[in-house]
Amino acid sequence: FEINIKLFETIEEVNLHKLINSFSKVIEEISACEKSQKVLINSLINMNKPISSFFDNVIINHEDSNTKFNRFKLLKNLHNLMLKFARFDLIED
């Protein structure tokens, strides 16, 4: 989804957008081997803080609909990125 960076109001939005872009490049550059899995796991671990910060400090359901939908698209891009390499539906209780 196309993100309008001009609508960003917080550093957390900027950071999450940068994180998505950089992680997307990591996924494209590595192949499916044992070393690449370690890179992906380490990348995921490093993503925890910026993602948590985003949810702690950003009101996604903003009163301005353009800002709100831009934030939804940002999260949808993160979701789609995770689905490129992870099968969360295989996780059992």
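Tutor: Let us begin with Thr-67, whose place is in helix α3, residues 65–83. The model is predicted: local features need pLDDT of at least 70 and side-chain atom pairs count only at pLDDT 80 or more, while totals for chains, interfaces and linings use all residues. Residues are numbered from 1 along each chain as its sequence is written, and side-chain values use heavy atoms, with hydrogens and water left out.

Student: What makes a run of residues a helix or a strand here?

Tutor: Helices (H or I, at least four residues) and strands (E, at least two) are DSSP runs, numbered from the N terminus. The protein has three helices and zero strands, and its elements run α-α-α from the N terminus on.

Student: Why is Thr-67 called buried?

Tutor: Buried means under 20% relative accessible area, exposed over 50%, and partly exposed in between (1.4 Å probe, protein chains only). The relative accessible area of Thr-67 is 2%, so Thr-67 is buried. By contrast, Ile-45 lies in helix α2 and has 53% relative accessibility, therefore Ile-45 counts as exposed. Buried residues make up 33% of the 93 residues in the protein.

Student: How do you know that Thr-67 makes a polar contact with Asp-64?

Tutor: A polar contact is a pair of N or O atoms within 3.5 Å; within protein, one must be able to donate a hydrogen and the other to accept it, and residues adjacent in sequence count only if both atoms are side-chain atoms. The side chains of Thr-67 and Asp-64 make such a contact at 2.8 Å.

Student: Which residues does Thr-67 touch, not counting those up to four places away in sequence?

Tutor: Contact means heavy atoms within 4.5 Å. With that exclusion, Thr-67 touches Leu-7, Glu-9 and His-62.

Student: What makes Arg-71 and Glu-13 a salt bridge?

Tutor: A salt bridge is a side-chain nitrogen of Lys or Arg within 4 Å of a carboxyl oxygen of Asp or Glu. Arg-71 and Glu-13 meet at 2.8 Å, N to O. This pair links distant parts of the chain, with Arg-71 in helix α3 and Glu-13 in helix α1, 58 residues apart. Both Arg-71 and Glu-13 are buried; for Arg-71, the relative accessible area is 3%.

Student: How many salt bridges are there by this rule?

Tutor: The count comes to two. Glu-9 also forms a salt bridge with Arg-71, the closest N and O atoms being 3.6 Å apart. Here Glu-9 is in the segment before α1 and Arg-71 in helix α3, 62 residues apart. Salt bridges that share partners join Glu-9, Glu-13 and Arg-71 into one network.

Student: What is meant by a nonpolar core?

Tutor: A nonpolar core is a set of buried Ala, Val, Leu, Ile, Met, Phe, Trp, Tyr and Cys residues joined through side-chain atoms within 4.5 Å. The largest has 18 residues, and those with the most contacts inside it are Leu-16, Met-47, Phe-54, Leu-74 and Leu-78. Helices α1 (11–29), α2 (34–57) and α3 each supply at least two residues of this core.

Student: How do you know that the span of α3 is close to the one expected?

Tutor: The expected span of a helix is 1.5 Å times one less than its number of residues. Helix α3 has 19 residues and reaches 27 Å from its first C-alpha to its last, close to the 27 Å expected.
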